[in-house]
Amino acid sequence: MLLVGMASPASADAPHDVLSCDTEKQPVNIPSMPLARSIEILSRQTGCPVLVDPILMDGRTSAAVKGAYTPQAALLHLFGSVHVDVTATVSGLSVSPLDATALASGDTRAGQDRRMTGMSSEESSGSNGW
């Protein structure tokens, strides 16, 4: 497991409590790029450390995320179609695979142009899930 983005007191935008990583919406603006880099930027933008197995990031490109999101929701969107679960913990956010396809390395987004907006799925479809 790899801890990305240790929260530092010098970060002006960092929340005071990592427990807010799953509840406080924050502005997020991350273009599509290598997934490992996008997770690092998300951690820096939100102040939420992320614990993730490097194999989940290997060879993958993130979806673009722009708008107001909880760090937990933004991280889930960065993974795009990769089947992962993002859980808030006392030390930040933790990413775990939901099935074996999440463990397969490679760019699972090839040929896709997914761009996330700040609108939640509840706002766009009236449902309560992603």
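By about how many helical turns are E40 and R44 separated in helix α1? Being four residues apart in that helix, E40 and R44 are separated by about one helical turn, where helices (H or I, at least four residues) and strands (E, at least two) are DSSP runs numbered from the N terminus. The structure is a predicted model, in which local features need pLDDT of at least 70 and side-chain atom pairs count only at pLDDT 80 or more, whereas totals for chains, interfaces and linings use all residues. Residues are numbered from 1 along each chain as its sequence is written, and side-chain values use heavy atoms, with hydrogens and water left out.

The structure holds two salt bridges, a salt bridge being a side-chain nitrogen of Lys or Arg within 4 Å of a carboxyl oxygen of Asp or Glu. In one of them the side chains of R37 and E40 meet at 2.9 Å, N to O, and these two residues both lie in helix α1, three residues apart, about one turn of the helix. An α-helix has 3.6 residues a turn, so residues three or four places apart point the same way. With buried meaning under 20% relative accessible area, exposed over 50%, and partly exposed in between (1.4 Å probe, protein chains only), R37 counts as partly exposed at 37% relative accessibility, E40 is partly exposed with a relative accessible area of 36%, and R44 is partly exposed with 49%.

I41, which also lies in helix α1, is by contrast buried, with a relative accessible area of 15%. Not counting residues up to four places away in sequence, I41 touches I30 and M33, contact meaning heavy atoms within 4.5 Å. The C-alpha atoms of I41 and V28, which are 13 residues apart along the chain, are separated by 9.5 Å.

One disulfide is present in the structure, a disulfide being a pair of cysteine sulfur atoms within 2.5 Å. It is formed by C21 and C48, whose sulfur atoms are 2.0 Å apart, and the link is left-handed, with -110° about the S-S bond. Because C21 lies in the loop between β1 (2-4) and β2 (26-30) and C48 in the loop between α1 (35-46) and β3 (50-52), the pair ties together parts that are 27 residues apart in sequence. Both C21 and C48 are buried.

In helix α2 (residues 71-78), six of the eight residues are buried, so the helix is largely enclosed by the rest of the structure; the buried residues are P71, A73, A74, L75, H77 and L78. Just after α2, G80 takes a positive phi of about 60°.

Strands β5 (residues 84-89) and β6 (residues 92-97) run antiparallel and are joined by six bridges, two strands being paired if DSSP finds at least two bridges between them. A hairpin connects β5 to β6 through two residues, and T87 stands opposite S94 in β6. S94 counts as buried at 18% relative accessibility and, residues up to four places away in sequence not being counted, touches L51, D85, V86, T87 and T89. In strand β4 (residues 64-69) lies A68, which counts as partly exposed at 37% relative accessibility; the C-alpha atoms of A68 and P27, 41 residues apart along the chain, are separated by 4.4 Å.
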